[in-house]
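Please open the structure in your viewer and keep the selection panel at hand. The tour below moves from one selection to the next and says what is there at each stop.

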Amino acid sequence: MPTAIRTSRKRNGRMARLAEVLPGPAMILPAVVALGIFQFLPLVVAVVNSFRSFNPFNQSPTGWVGLANYDEIFSDPGFQLAFVNTIAYIVIMLAATIPLALFLAVLLDQRLPGSTFARGAIVAALAASEAVSALIWNQLYDPRGGMFNAILAAVGLPEQPFLIGDTQSLLSIAAMSVWKDVGLPMLIFLAGLQAIPRELYEAAALDGAGPWRTFRNVTLPLLRPSLVVALFMMTITATRIFTPILILTQGGPNGATSNLAYYSYRLNFEFMAPGAASASVVCMLLVIVVITIAQTWLARGPKGV
Amino acid sequence: MSTVASAAASARPRRRRSAATRLFSARTLGTVVVILAGIVFAFPIALAAVYSLKATQDILSDQYPLSLASFIPLRPTLENYQTVFGPLNFQNNILNTLIAATGQVVMAVVCSTLAGYAFARLRFPGRDVIFSLLLLASFVSVEAILVPLYSITQWLGLTSTYVALFLPFACNPFGIYLMRQSFREIPVELEEAARLDGANVWRILFSIAIPNVLPALATLVLIQFIWAWNAYLWPVVIMQDPGKQIAQVALANMKSFPNFPMDGPLFAGATVITIPLVIMAIFLQKYYVRGLSSSGMK
Amino acid sequence: MSRPTRTDDASAGLTAANSGMNRRRFLAGTAALAAGGMLMGRPLPAAAQEAPAKGAAARAASSYKLDLGGYAGPELTSQPITLKFMRQEFPPHVNAVLEEAYKEFSAAYPNITIQEEKVPYGDLQKKMQIYVGSGAAPDVMMGRTDFIEAYHAGNIALPLQDYFLDEFLHDILDNQFKAASAKGNFYGAPWETYFTMMYFNRDIFKKAGVPTPPEVTDVNAGWTAEEFIAALDELTQKLRAQGDSTTWALSAATHGNGGPGANYTQVESLWVRSQGDPNADKGSSAYKTFLGVSEDGLQATGYLDTPEAVKGMANYQQLFTKKLAPPTAVPNQFVSGVGAIHFTGLNQASRLFQQKPAFEWGASPFPRGRIAFNCNSSDCPIVWSKTPYPAEAAALVAYLCNDANRIRFYKTWGSMPVRKSLIAAIPEFGNQQLFQLSAAAAASGQGAPRSVGWFDYFNAINPVVRDIALGGDPESQLKQAATRIDGLLRKYR
């Protein structure tokens, strides 16, 4: 430490000022370059492509078509359904995963016996191959001979169609995704919990606060930064649900499980329509941007986020 | 195992017995819930692990109708693991995945930590605008940008390299966001004190800021590792050399042969690739579990 | 110098394209004449110089350093080159056969390195699409005869007829040669062909006391769709009456992701197109149903939603409404012994022979509608149109399709060979019912509807089939699907 002090004092004023301004841009440079090339550029390409027409064989652009691609998807009932379903997935996933993840994180933070096992299991679900998980869940959901219906039958409840039911199919996909992804916000919350000073809990305990009041007055407010990240993460995860749809329902029955991610994938890779696919990607982006801004605004704390 | 309960009890020694009992029963209840949650989450994976110990033929015939045999390997065999590590050479795919995942984690940690800190603590022109724009980049999924992303990677001459497997996703907005939020939680006073002592930004970052966000870093490492581990579509597209192909694609291959079910090796492979991540989670858990001595900020 | 084209492929579409071939033949001829004139009747050593001309090279067929099968192009380069081949992944024992073949090839041509790229079957088309879009693709790619029209229209594949001996082209099953050709060009050497057979579990039928399907060698001598449904209904009711609640009369499809709508080309279209009739009046809906798409390949309305097609789909729907088949994807029911009937390809048989399942089994033709119908489709390596090594790439394809390699592949993987001489050389195709029936089905099958947008069509119809299986009204669903497909095909106009 003393060496550092001496070196920094040796510098002249201008150098010092520069040294104060430069580190910021220097530190974000790797991220800006990497994200710029690999995420932003393709994103810009997608936006530009949404106004173009393409050769269906080699996907090379053939001209500008204005809003024709948007007209095309807006008039497609399949798009409207996918749009609504995308929002439904986001709402269901957030409503289910955030409270569940919070609950699990607080529980696992207590150093109870079995915590290592449970944490391992939740991470394992997160880590398991999506395709193989889908195979297993397909088997659990099987309307005849699947385990879920066997359990329902055992407790005397009527059997359910799950993945082939008009209303249940989307919920069934969402349930599998909750199982798969709840570890994500949970890990974020677990990290956030470690940043809460212990003293606050001790003080709350001395005040005679019960567990619920402690959670409400200490844990929750101090977890706000983690909550914002977790909401952001889960919104994106919920919007991107794809593999389970592809493997379990192919968007059906009657489009009930299709979302914008699946819809745009089909346009691009099954229907050779990169322009319309890009237009639906742009719509998908707008949905998430609006939802994320709303979240950030709602979760805004006294000193911003 | 020392417990929060005992810590709490010692913190308020004059509480009555009934409170301790209540606390005890709450702990029991909590333990039961924790174990139940573990079982529910582990079940589908455990099922895959059970299948991996059955011959393909047995997996197929035990599935329907549902019976005890569906959940227990009555004729356990290791032949699937022999196939996976023998003719299928799956260890090579795992090694490739490991290389890609390690590359992704290292880059993600470097990029996210630096950028996260800059966005959290340093002032420079355009900071918030750049931050918002970077977040925007995370909204787009790989399926949506596959074709342009392929062209870019090809243009960079990276097709079929290990670097191509992870570079496009190594830096992601989620990591930056996570680290930014975590750095902002550190009391400003800690850094101010160091600054007054004459420490420069880099020294503050490495000796004060980073040690205080280790739990967030552990989360970042784990999540990035999992993402890299599970990538499928991009490796299928960008990797043309079968010798460098990753484990998820190898798994997909095992279920792609018409009239040639390879369920046994498939589940063996799926089980094997889950294990490193679980071990990693257990290894990293020290960052999630408070030591009794530590109380909040160091 | 004359380069005979197949005379038996005189189907309508080929006329226009032949003009292209004639032009090339004419050019080659003039070149030879000119050269001959200059050299005043001396032998023409330079003949081999004219690019991929079959005349000279055909003579040299025996001079290649290796049995290149039907290859008739120029001698391969002596420069060091790398050929890239993208194909689907196979199980290790099948990969071994191919790797052995590459070794042989590289031993004869040490300057040519073969670099394989193996992709899960379901991702092949997607990857080809990305490659083509990027402008750089592997020299050889595994394509499918269903998509030959698109390979042609998109200038994706290199015409291969000039690189192959006519005897080789003539040897390919007529329907597969036709399927692998577009506008008179031959684009992909089919190396195996797929058609749907009906396998049945004798034990389940015996247990229920229901007669098994006829084990015949004639595709026209099987059950009709109505007989099939009635038999399966009886089987199901008797099984349920015996307290068996887990065995299905018809097992779930195992193509693609499985279940209804898993693969229209290979399963469900058979129900529809078998209600059509190729011999009916060209304007009739029966004829159009058989075609599946308009002659120009750009319209489905009037072809996919005819009364005949609706009847076919209604038959298909009965399998689910009568609970004869599971409505979801269930893996491997037939081999597990809980499905009485299974529709799949010939290589299922070789699998059953190897595995010796715990039940007796047999094979029968796919149920016929107005006609007996099968939709053949073949995996076929195509050569990338912009490859820098067209001759070498074609030679590799020809080599992989030579007799020895095809027989080895058949013996290992069990799928149907595509060449008449090979089928004749394998004894079981002449003397065992299952294989005789297969040979008949392979030879009599029709390709997928000829459309440049078959990929769009196929992807659009699959979920519709699934919705019909789950109870959707066949007529309105097919009408909507046809309209949707018309919209998708518009971009190819």
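**Stop one: the domains of chain B**

Begin by selecting chain B, which is divided into domain 1 (4–82) and domain 2 (90–287), bounds that come from an automatic or database domain assignment. This is a predicted model, in which local features need pLDDT of at least 70 and side-chain atom pairs count only at pLDDT 80 or more, while totals for chains, interfaces and linings use all residues. Residues are numbered from 1 along each chain as its sequence is written, and chains are lettered from A and ligands numbered from 1 in the order in which they are written.

Taken over C-alpha atoms, the centres of domain 1 of chain B and domain 2 of chain B are separated by 30 Å.

**Stop two: where the domains touch**

Next, select the 12 residues of domain 1 of chain B that are in contact with 10 residues of domain 2 of chain B; two residues are in contact if their C-beta atoms, placed from the backbone, lie within 7 Å. On the domain 1 side, helix 2 (17–51), helix 3 and helix 5 (79–85) of chain B give two or more residues each, helices being DSSP runs of H or I with at least four residues, numbered from the N terminus. Helix 2 of chain B gives the most to this side, with four residues.

**Stop three: chain B against chain C**

Finally, show chain C as well: the contact takes 25 residues from chain B and 29 residues from chain C. Helix 3 (56–63), helix 8 (142–155), helix 14 (233–238) and helix 15 (247–254) of chain B each supply at least two residues of the side that touches chain C, and the largest share, five residues, comes from helix 8 of chain B.
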